[in-house]
Amino acid sequence: MATRAQFENSNEIGVFSKLTNAYCLVAIGGSENFYSTFEAELQDVIPVVKASIAGTRVIGRMCVGNKNGLLLPQATTDQELLHIRNCLPDKVVVQRVDERLSALGNCIACNDYVSLIHTDLDRETEELVADVLGVEVFRQTIAGNILVGSYSQFTNRGGLVHPHTSIEDLDELSSLLQVPLVAGTVNRGSEVIGAGLVVNDWTAFCGLDTTATELSVIESVFKLRDAQPSNIVNEMRASLIDTMS
Amino acid sequence: MAALGKRKAEKSPTPSSEEEEEEAGNGNEVTSGSEELDSDESTDPEDELNTSSDSEHSSQPSQEIVDVDFEYFDPKPNDFHGIKALLRTYLDDETWDISGFTDLILAQTTVGTVVKADEDESPIALLTALNIGRYQKCSCMVEIHKYLRVKSAHKVESALLEDFWGKYAREVALLISERLVNAPLELAPPLYQGLFEEILWATEDEPTQELRESFKIKHYLYLTKVFEEVTEEKSRDKEQRKKQKEESEATGQLIYIKPEDEILHELSSWSFTFPVTGDGAAANQTKGLQQLRLVMAVDAKHEEKFQAELKKLIE
């Protein structure tokens, strides 16, 4: 099920939250609405943790994680690190990374088995990603953009990438990641998928501006409502394509 | 709709970089002013560069002149995100239906102008007017009404405001003027001229009688941002502080972010201010300036006087 949400008038959900199969991190916001939206969907299944990173609320872009681990930038304070470590399940390894490119959420995109990283990321960071997150690492670009974490979002069941990704790139990425991929937008035409959408294997959250068509595509490609990606081709064809010639 | 005629551009007083070229658009109103002294303009920047590089004792780095063309367009669906960004602080940090509000502005193609550096870029400035009676039932307008009602709660003007949303709603338009902070002042006169002209044409050209009536506007309601100077003595002991607070509120010198707001304020029938509660407020307070919101009602018959005063301000 995909839910629309808003953080203090901003539709960039992916900036203020991080969602994985084992836990969810949420920024400390002005109103409790944001937190309760997540709680309502995820309660009793996985812990929803309020956190800040380096004193900021843009936690979604600063950290990267999956069910195996969580990587935080070096600027994370000790108290923040301790708080997160305490609240997360024990099997999740929480680690600080000393990396020049500190916005890890923008540089790294991952699911529980495979990850894409920024082409200029350090060797040590790449090894940490492989160890802590337990994933296979690939240096890739998406539609010519090196910020793979910003322009894509994928789970173990599917993925959504920058709308200008070519068919060849889509095929290549899809075979690397071993999940079906779709090029699309979120938040009424925004290309920054990572900022507008957070998703795990059974639920997704996106900004309030997201149109019904975008939501359909999301629910379809991430298999959130027992639908096959072929639905995009069959049932939704009429609404997505104007002419065939 | 009648096409815009060629307008002679006023030469800007400084040998500056903004040119506004003008053409009659075909349905797409691209308005800009033609610069007659083009050749002269191009030598001036070179002169400036030469003089600054000649004087080696000058501590200023040689400044580059950047030429920017500003063009005026009708709001288009593509501008959704840009306009939404300009309106983000319209109601301070209130959570409200900004998207719906932006959609209203985009849907009203007959009245409303957006300024951009280029057709595909983000809007730099926005000016439009929405008739309150026409859009009253939309959720975003209801939220704006509620916000203004709360902020004007114990003021004299509260009743006047209620009338604007009540019995006079059909004659009042909400004036929306937002722009980037450092947008040049010269953008304003063509913007306002365009707005008043479009409203006039709409009273003749709109398809239904009801729509034509809705553009016969008698009053404009305008919400804008201003700063107020806060006296330094406020930080002294408590009693003095209380006294100073009352005094400084009474003598608070208003600083207008958009210069034409000052003219509008002088011409307004009534107005009131209220403090801002968002994150921006705290930052500005330390510099001796407090951020406020100013709400004012301007009678439509002052249109010409306003435009004349604005012209004088530019020169």
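A disulfide here is a pair of cysteine sulfur atoms within 2.5 Å. The model is predicted, so local features need pLDDT of at least 70 and side-chain atom pairs count only at pLDDT 80 or more, while totals for chains, interfaces and linings use all residues. Residues are numbered from 1 along each chain as its sequence is written, chains are lettered from A and ligands numbered from 1 in the order in which they are written, and side-chain values use heavy atoms, with hydrogens and water left out.

View 1. A search of the whole structure, over all chains, turns up zero disulfides. A:Cys63 is buried, at a relative accessible area of 0% (buried means under 20% relative accessible area, exposed over 50%, partly exposed in between, with a 1.4 Å probe and protein chains only). A:Cys107 counts as buried too, at 4%.

**View 2. Chain A meets chain B.** Seven residues of chain A are in contact with nine residues of chain B, contact being heavy atoms within 4.5 Å. Together the two chains bury about 660 Å², with 30% of it on carbon and sulfur atoms; buried area is the accessible area (1.4 Å probe) that two parts lose on being put together, summed over both. On the chain A side, A:Asn9, A:Arg188 and A:Asp209 lose the most area to chain B, together 77% of what that side buries.

**View 3. Two salt bridges cross the interface of chain A and chain B.** The rule asks for a side-chain nitrogen of Lys or Arg within 4 Å of a carboxyl oxygen of Asp or Glu. A:Asp209 pairs this way with B:Lys84, their closest N and O atoms lying 2.6 Å apart. What sort of residues make up the side of chain A that touches chain B? They split into no nonpolar, five polar and two charged (Ala, Val, Leu, Ile, Met, Phe, Trp, Tyr, Cys and Pro count as nonpolar, Asp, Glu, Lys and Arg as charged, and the others, Gly among them, as polar). A:Arg188 and B:Asp103 also form a salt bridge, 2.8 Å from N to O. This pair runs from the loop between strand S13 (181-183) and helix H9 (193-196) of chain A to helix H3 (residues 98-107) of chain B; helices (H or I, at least four residues) and strands (E, at least two) are DSSP runs, numbered from the N terminus. A:Arg188 is partly exposed at 31%, and B:Asp103 is partly exposed at 30%.

**View 4. A:Arg139 reaches A:Glu126 inside chain A.** The structure holds 16 salt bridges over all chains, and one of them joins these side chains at 2.6 Å, N to O. A:Arg139 lies in strand S10 (residues 136-139) and A:Glu126 in helix H6 (residues 123-133), 13 residues apart. Is A:Glu126 buried or exposed? A:Glu126 is buried, at 17% relative accessible area, whereas A:Arg139 is partly exposed at 29%.

**View 5. B:Glu171 and B:Lys218 pair up within chain B.** Their salt bridge spans 3.5 Å from N to O. B:Glu171 sits in the loop between helix H6 (157-165) and strand S6 (172-179), and B:Lys218 in the loop between helix H8 (209-214) and strand S7 (219-229), 47 residues apart. B:Glu171 is partly exposed at 26%, as is B:Lys218 at 45%.
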